[in-house]
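Dear colleague,

Please find below the structure that I am handing over to you. The findings follow directly after it.

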Amino acid sequence: MSARLARLQQARAARLRERLALRREAAAQPRPLLAEGMLRRVVGLTLEAVGCEAPLGGRCLVDGADGARIETEVVGFAGERLFLMPTGEMHGILPNARVVPCDAASEIPVGDALLGRVIDAGGTPLDGGGPLRCSEHARLNGAPINPMARHPIDEPLDVGVRAINALLTVGRGQRMGLFAGSGVGKSTLLGMMTRFTDADVIVVGLIGERGREVKEFVDHILGAAGRRRAVVVAAPADSPPLSRLRGAQLATAIAEHFRDRGLKVLLLMDSLTRFAQAQREIALAIGEPPATKGYPPSVFARLPALVERAGNGADGGGSITAFYTVLTEGDDYRHDPIADAARAILDGHIVLSRDLAEAGHYPAIDIEASISRVMPAVVAKPHLDAARRFRQVYSAYRQQRDLIAVGAYQKGSDPRVDEAIALWPRLSAFLQQDVDEPTALREAIAALGAALEPDGAAA
């Protein structure tokens, strides 16, 4: 018994010596002195502090009336004044409140423990599943990949939607935009791709959407099967603009972590417009002048900085295939500044038509206005030729549909239109698909060829 007690005492003493050595090592490290400041002014969501220094993007804690500390981020400075913006609610702030800069870098928890979870922009769980137990952490703003080191997009991605697989084929690592007005079915289409796409991990960023849509998306659109391999980051519309901004960055950082592990990641961001609007609110609050339809220049610098983080990694690594929804005011995606900027930096766009949606045509994809810029690099020539012919026949009918509808078109006037009229029922049926009915890439290509067969051959 005495020998066992001696061993226990020796082990305890060894642990104490180890802890003491760590404490001595930490105490020997030089620590920079952090000057505390004072809150001087609050205008809207912008806090102005003096007497302290912190880098742009750094964090500061502001003392509240109830003793709690409110986390803020440095979004600008002028002279000796720091412009801060809260990451959460801003209740209980008093004049001349103490402002304490944080020397810790802004990092987020990452790892397999995130799969199946719903978190907010700060990484706090929202699903009641307990705290996250992640052993790894990553920076919120990841380093950009050298464009010469990226693996080229040379492999098609099966998203399970017939019209996209056949006519707008997506490449693995592509960044696509989903342009639509409100209530046209973009969230439902995202849910279809979430369930049907061949991906190891799915990261969903619900940025600036209605709060009730978060639970609906997780429970009904994503489903139990899709949720098991998914991470959902939610920053609803009632969140502060900085929280919405960080929500998009957090979703991208999580996707980058899994890509760097060699996995195939599908990133769904709903929506890129809300991200831009959040940056506009922040920029205007700190005095940046508006440039294009009320959007300051920093908005158009933030968009490519976020989007370029997606895509393929280095050779032999993983990939992030991203779909970004873009809301269009009045369904006019041609003159909206955010839609125009998104078209310029994305690898293609899918436009959803309100007219088709109101006619019960689902998914309401406007094939004439949509394009995949990498499709020629990821499909065979017969597939590309068939998709081009489908567009030509489809467009010929759409151009003459008013005359056809009123019976003013005379058969034989144009052979192309005659062919389009004969094939139209099959073309229209080909573009429609039930929400719970996946269509694999090979099946979509075969169905495309069958839809273009003459009546006699089809019969």
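Leaving aside its neighbours within four places in sequence, which residues is Q249 in contact with? The model is a predicted one, and in it Q249 touches L140, N141, R302, L306 and R309. Q249 itself sits in helix α5, which covers residues 241-260. Its relative accessible area is 7%, so Q249 counts as buried, the cut-off being under 20%.

Regarding the overall layout, the chain divides into domain 1 (37-102), domain 2 (107-379) and domain 3 (383-452). The centres of domain 1 and domain 3, taken over C-alpha atoms, are separated by 59 Å.

Helix α8 is formed by residues 337-345, and its buried residues are P337, I338, A339, A341, A342 and R343. Several elements take part in covering these buried residues, including the strands β12 (175-180), β17 (319-327) and β18 (348-351) and the helices α6 (272-285) and α7 (297-307). At the start of α8, the backbone nitrogen of I338 has a side-chain oxygen of D336 within 3.0 Å.

Some points of backbone geometry also deserve mention. Most peptide bonds are trans, and most residues other than glycine have a negative phi. The following cases may be read against that background.

- The peptide bond from D270 to S271 is cis, with omega near 15 degrees; S271 belongs to the loop between β15 (264-270) and α6.
- Y362 and P363 are likewise joined by a cis peptide bond, with omega about -5 degrees; P363 lies in the loop between α9 (354-358) and β19 (371-372).
- N96 is not a glycine, yet it has a positive phi of about 60 degrees. N96 is located in the loop between β5 (81-86) and β6 (98-102), and it is partly exposed, with a relative accessible area of 44%.

Finally, I turn to the second largest pocket, which holds about 460 Å³ of space. It is lined by 26 residues, of which S182, K186, E209, R210 and E213 are the closest to its centre. Two or more lining residues come from each of α3 (186-196), α4 (211-227) and α6. The largest share, five residues, is supplied by α4. By type, the lining of this pocket comprises six nonpolar, 11 polar and nine charged residues.

Yours sincerely

Key
Residues are numbered from 1 along each chain as its sequence is written. This is a predicted model: local features need pLDDT of at least 70, side-chain atom pairs count only at pLDDT 80 or more; totals for chains, interfaces and linings use all residues. Side-chain values use heavy atoms; hydrogens and water are left out. Domain bounds come from an automatic or database domain assignment. Helices (H or I, at least four residues) and strands (E, at least two) are DSSP runs, numbered from the N terminus. Buried means under 20% relative accessible area, exposed over 50%, partly exposed in between (1.4 Å probe, protein chains only). Contact means heavy atoms within 4.5 Å. A polar contact is a pair of N or O atoms within 3.5 Å; within protein, one must be able to donate a hydrogen and the other to accept it, and residues adjacent in sequence count only if both atoms are side-chain atoms. On a 1 Å grid over the protein atoms alone, a cavity is a set of points where a 1.4 Å probe fits but cannot get out, and a pocket is an open set with protein on both sides within 12 Å along at least five of seven lines; lining residues have an atom within 4 Å of a point. Grid points are joined across faces, edges and corners, and a volume is the space filled by probe spheres set on the points. Ala, Val, Leu, Ile, Met, Phe, Trp, Tyr, Cys and Pro count as nonpolar, Asp, Glu, Lys and Arg as charged, and the others, Gly among them, as polar.
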